[in-house]
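Have the structure open as you read.

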Amino acid sequence: MGQFGGLTVFISGATGGFGTRSAEKLAEGGANLVLTDIDKNRLQDLADSLPCETALISGDVTDERLFKKAVKLAIDKFGALDVAINNAGIAQSFVKLHQVPSAEARSIMDVDVMGVFYAMKHQINQMDKQYRNEGRRGIIVNIASIAGLGGAPKLSVYAAAKHAVVGLTKSAAAEYATKGIRVNAVCPSFARTEMALQFLRTAPEGEEAATANLVRGVPMKRLAEVDEVVEAILFAANPDNSFMTGQTLAVDGGIEAI
């Protein structure tokens with residue numbers, strides 16, 4: 001049995017790049033998975049490909065009821081919720097602040113901030129009960145961004161949303177540090193997810209030039225590979241990593257070192 005053997009792990013945005021690869025790695029590690037995404041068919045396809053027990057619930061992360069149902073599903077099927085990876089999120093148009101449509105800005109805040117808040121609210125409630133009743137510890141990993149640790153020109157609203165995720169992470173980590181719940185955030189720079197690659201393919205200057213522009217400020221001068229980011233997610237989610245909470249793990253090719 002692997003390092004996640006017998007644990008129940010929730011993943012939102014499960015059919016995205018980080019979500020899918022995390023699910024695959026966690027399944028190999030022996031976890032039971034509760035998976036959610038807005039695309040029901042892709043969610044089922046993912047579950048069918050995994051060598052583990054799964055429970056599925058499709059829905060929109062801007063609907064708080066999704067997370068209440070997801071936690072109940074974890075308890076009903078597996079008896080506990082041990083780890084939550086809040087991965088669902090959307091990006092914005094690569095434009096200056098005054099050019100961002102207000103409706104798009106609202107959507108980003110609803111998905112990237114309120115979606116994480118709703119998730120944590122219901123996950124923490126359950127994990128707190130488990131710790132009080134059984135001494136069972138809980139782990140939350142929020143997927144933020146390097147844009148949540150500093151300014152991000154032409155990604156202003158996205159950066160604001162990810163700063164909020166970092167704020168939720170640090171605040172909850174302090175609030176529940178004595179309650180058996182660890183909360184950390186992983187903050188990647190651009191990686192080779194389908195979302196990032198689609199952005200690069202449709203850039204007006206062409207994919208090659210857009211990629212060069214994107215990595216100009218990265219000391220390693222390249223995009224991250226999905227597996228490189230997932231390794232940090234698994235590190236934060238590992239129950240053996242029991243003294244780390246409230247941290248923002250930058251997986252950024254050296255940006256934070258400058």
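## Ground rules

Angles under 35 degrees count as roughly parallel, over 145 as roughly antiparallel, 65 to 115 as roughly perpendicular, and the rest as oblique. This is a predicted model, where local features need pLDDT of at least 70 and side-chain atom pairs count only at pLDDT 80 or more, while totals for chains, interfaces and linings use all residues. Residues are numbered from 1 along each chain as its sequence is written, and side-chain values use heavy atoms, with hydrogens and water left out.

## Two helices side by side

Helices here are DSSP runs (H or I, at least four residues), as are strands (E, at least two), numbered from the N terminus. α4 and α5 pack at an angle of about 15°, and their axes (lines fitted to C-alpha atoms over the stretch in contact, with angles running from 0 to 180 degrees between N-to-C directions) are 8 Å apart. The two are therefore roughly parallel to each other.

Who makes the contact (heavy atoms within 4.5 Å)? Among them are Ile 108, Met 109 and Phe 117 of α4, along with Val 157, Ala 161 and Leu 168 of α5.

## A closer look at Met 109

Met 109 is found in helix α4. With a relative accessible area of 27%, Met 109 is partly exposed (buried means under 20%, exposed over 50%, partly exposed in between, using a 1.4 Å probe and protein chains only).

Leaving aside residues up to four places away in sequence, Met 109 touches Met 114, Val 157 and Ala 161. Met 109 and Ala 160 are 51 residues apart in sequence, yet 8.4 Å apart in space, C-alpha to C-alpha.

Methods:
Contact = heavy atoms within 4.5 Å.
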